[in-house]
Amino acid sequence: MNSNDEQNATGEPMVTNNNAIDSIEDILIANNIQYIILQLFQLISIPCYLFLFYHIWKRSTIRKAIDMHVFILILLLSFITLIGDISVFLHYLRINSVWPCNHSLCLYWMWIDNLCYTLGMWLMTWASIERHILIFHRNLLNTFKKRLIVHYIPLTLCIVYCCIYSSYLIFGYPCENVFDCASVLCGSACAYNDFNLAQYDTITNSIVTTILIVLCSISLLFRVLWRKYRSHQRLRWSKIRKMTIQLLSISCLYMITTIPINSEYLIGFVSMESVGYTYLSNMMYLLYCFLPFVCLTTLPELRQKVQICHFHRRHRAVAPLFLLHKTPKMIHTRLPLNKNNN
């Protein structure tokens with residue numbers, strides 16, 4: 001009998017699946033690595049989010065700028081994901097199970113995960129399209145009626161569509177969810193058992209949005225460079241450069257975290273049972289951790305604020321050394337005066 005075989009209660013040989021055991025051990029190791037990385041970045045990114053929200057609220061020029069509305073929504077949505085979704089996922093990684101394992105928590109996790117991902121992708125898609133309007137067709141935003149049609153209604157439609165879709169998918173689809181608390185998101189919503197609905201969700205809300213973000217971002221870069229070349233810098237280049245860099249920086253972050261898993265879906269180069277698929281499917285969580293730092297670097301007003309704070313901190317650290325250096329001389333010059341007075 002092979003050394004890997006065991007005997008059951010009747011004395012008959014029973015073969016253990018070593019590959020399955022190795023796979024479970026690899027997944028547990030992967031969970032521990034993801035937990036350490038995500039927990040670290042979550043703790044670092046929360047203060048950055050709060051810093052951004054505070055100064056955006058204090059600075060009306062940033063808060064009221066029409067080109068900042070969609071990015072403020074993306075930033076707010078990412079913070080909600082960081083607190084409401086990633087925190088549950090971190091707890092799952094820490095104990096390798098969903099706890100407390102109940103109907104309400106599983107439905108909540110499925111809903112907020114689907115809503116934040118879907119809405120984030122559509123908001124970023126619209127931001128990539130709208131940036132062309134803001135730079136090259138500014139006349140479409142001259143009046144309130146135009147801004148209502150071109151700016152506010154598309155944003156509202158994105159939010160309404162994603163909220164209704166995610167709520168129907170999790171709460172309204174006529175099926176019974178069977179939860180597995182040993183799996184991420186308690187398994188998956190029973191609505192995904194509908195092949196057509198699952199295909200629609202993946203293609204429309206993930207693949208199509210990613211492709212649109214890539215195409216719009218690349219085309220914007222070429223249009224800006226070409227316009228600059230043709231106009232010989234007669235445009236308001238500083239304003240255009242700021243809006244272009246802002247979009248490209250955030251869209252690159254979206255592309256880095258979404259293209260791998262979408263490519264895996266289309267090509268299938270990684271097995272869904274492998275550890276590699278686990279890493280790819282959870283890369284999106286890193287986006288919400290890095291997003292505030294990318295936004296901070298694309299806002300010159302707040303970047304200067306950080307530099308000023310850093311300068312004052314260094315100035316206060318040097319000042320005590322200067323006083324200590326001068327103190328002996330001050331005491332030395334006062335002693336002769338006291339003796340003459342006596």
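The model is predicted. The chain has 342 residues, of which 38% count as buried, and it contains 11 helices and two strands. Helix 6, at residues 144–172, falls short of the span of a straight helix and has a kink at Y152.

**Overall make-up**

- Counted from the N terminus, the order of elements is β-β-α-α-α-α-α-α-α-α-α-α-α.
- Among contacts in the chain with a separation of 6 or more, 75% are between residues 24 or more positions apart.
- The chain has an accessible surface of about 20000 Å², and carbon and sulfur atoms make up 66% of that surface.

- Helix 6 is made of 29 residues, and the C-alpha atoms at its ends are 37 Å apart.
- A straight helix would reach 42 Å at 1.5 Å a residue.
- The kink in helix 6 is about 35 degrees and is located at Y152, shortly before the proline P154.
- Y152 is partly exposed because its relative accessible area is 33%, which lies between the 20% limit for buried and the 50% limit for exposed residues.

- The buried residues of helix 6 are V150, H151, P154, L155, C158, C162, Y165, S166, L169 and I170.
- Cover for these buried residues includes helix 3 (69–84), helix 5 (103–136) and helix 7 (195–231).
- In an α-helix there are 3.6 residues a turn, so residues three or four places apart point the same way.
- The buried set of helix 6 includes P154, C158 and C162, as well as Y165 and L169.
- A nonpolar patch on the surface is formed by F144, L148, I149, Y152, I153 and L157.
- Together the residues of this patch have about 570 Å² of accessible area.

**Backbone geometry in the loops**

- Most residues other than glycine have a negative phi, and most peptide bonds are trans.
- The peptide bond between W99 and P100 is cis, with omega at about -5 degrees.
- P100 is in the loop between helix 4 (86–95) and helix 5.
- L185, a residue other than glycine, has a positive phi near 60 degrees, and its place is the loop between helix 6 and helix 7.
- C186 is not a glycine either, and its phi is positive at about 55 degrees.
- C186 also lies in the loop between helix 6 and helix 7.
- C186 counts as buried because its relative accessible area is 0%, under the 20% limit.

Terms used: Residues numbered from 1 in each chain as written. Predicted model: local features only at pLDDT ≥ 70, side-chain atom pairs only at ≥ 80, totals over all residues. Heavy atoms only, no water. Helix = DSSP H or I, 4+ residues; strand = E, 2+ residues; numbered from the N terminus. Expected span 1.5 Å × (residues − 1). Bend = angle between axes of the 7 residues up to and from the residue. Buried < 20%, exposed > 50% of the residue type's maximum accessible area, 1.4 Å probe, protein only. Contact = heavy atoms within 4.5 Å. Patch = residues over 30% accessible without salt bridge, like charges linked within 9 Å, V, L, I, M, F, W, Y side chains within 5 Å. Areas by Shrake-Rupley, 256 points an atom, 1.4 Å probe, with all protein chains shown as cover. Salt bridge = Lys/Arg side-chain N within 4 Å of Asp/Glu carboxyl O.
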